[in-house]
Amino acid sequence: MDSASSPSSQDSVPLTQSLHDVLSGLHQRPYPHVPNPPNCKKRASVALILRVRPTYEHWPESTSSAVTDNSASVQQRLDTFFSQSWVHHGQPEALFIKRASRVGDRWTGHVALPGGKRDPEDSDDKSAAIREASEEIGLDLTAEDCVYIGNLPERIVTTSLGTIPLMVLCPFVFLLTCSDSPTLKLQPTEVASTHWVPLEALLSSSLRTVEHVDMTQRLANMGGIMARVASRSMMGYMQFPAIRLAPTESLQSNTTPGLTPKNEQRQSLFRRLFSWGSISPADQDIGISRPLLLWGLTLGIMADFLDLLPPHTAVKLWHYPNFTAPDLRLLINVLTYRLRKRNRRLVESGARPNNTAVDAQTAAVPVKEIGGNDNGSQNNIGIEGLGVGQYYGPSDKGLNGSTYALEIMLRGYYDRLRLALYIFVAWRIALGSTAAFYAWRFLRQVR
């Protein structure tokens, strides 16, 4: 898709002013509650924590008491906070965590938002987000210098290759009104590091990249290492859209792998080949040297939020997932060309799908739509890790009129992708068989 320039070059309105409008809208118009589907009891919550970093030329003298006055309404506190000169000229930022290294944890080393599963003692989903933020990073989201804004679209997390619901994920937005950096206390077993990242960087096209995901991990249990090596050699890795983070401030846990360099012996060629066959890129180098990439569920949550801000380019910056194997990539592009072109036209026309937040791993849909929708077609969620954005088409008028563009973009895509995989496997088998036949004939002639 076409790339977009940075928001500062397209819009003279300060980002803080747009952020003020977005936070006011989120508070005034909360997203609907998504109940648990049948046979799915788990719920989880995450906290999107925002702050405004002062600039050198506009340093704050003091914080207005009206901002920390809990008796004032949320709207009044927002208006007072954003009316301050240092805030108006400041740089909005979001807080991310990098998860600690744990054996067997599929989220090891991933960039995420503070959060976790809801416990029985939590009174509601928001309470779970507040408790998890306190436990993981030592930040009290109930303090007087923190304003609870509202929620983002809740979503049902499903299995990677199907629509079996696993849990409901609930994102909540909080704003810190203090001008100095809060003191964070990282839980070493959960969090390797924290990073404050400017929203302007997240909106920039220059930081868009891809994350390579090993889709053969499931084969290790079915066919062992050899099956996994063969599958990876044939298909390569799967590529998903991602954002390369550019933090302004980072805090490393003292137990983070790679924080203190160690003298390590060079691995043998056999050991490196074994590691290549058994470990995916996401599992390798999970210390501080690995790039911070925002993708997957967290990118889906952030895209819901970022696309509310100008220049509203989430769709233009987004691209379809594909594989690294050249012939498989070409096959997928050919089989999905007309579908992608049709879906793009629907997005550009401002077509309105159901009020659904969908990425490749999640869906915020009515319970009756899990596994199928009103017209009988399957609600295919797809394979891991896409972002979800809200699109402002010609007929959209704001938060209450927004639609989910990537839900339209992905309609039917994973059906074609699976078909491409079947054709690709048959093609590779036929190619290998033909090569083996002619090799056999050549050897007979030589003899």
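1. In helix α2, the buried residues (under 20% relative accessible area, with a 1.4 Å probe and protein chains only) are L15, T16, S18, L19, H20, V22, L23, S24, G25 and L26. Ten of the 14 residues of α2 are thus buried, and the helix is mostly covered. Helices here are DSSP runs of H or I with at least four residues, strands are runs of E with at least two, and both are numbered from the N terminus.

2. This is a predicted model, in which local features need pLDDT of at least 70 and side-chain atom pairs count only at pLDDT 80 or more, while totals for chains, interfaces and linings use all residues. Residues are numbered from 1 along each chain as its sequence is written, and side-chain values use heavy atoms, with hydrogens and water left out.

3. The loop between α2 and β1 (43-53) contains C40. C40 counts as buried because its relative accessibility is 4%. In sequence C40 and V168 are 128 residues apart, yet their C-alpha atoms are 8.5 Å apart in space.

4. Helix α11 (residues 326-348) supplies four residues, the largest share of the positive patch. R342, which lies in α11, counts as partly exposed because its relative accessibility is 41%; partly exposed means between the buried limit and the exposed one of over 50%.
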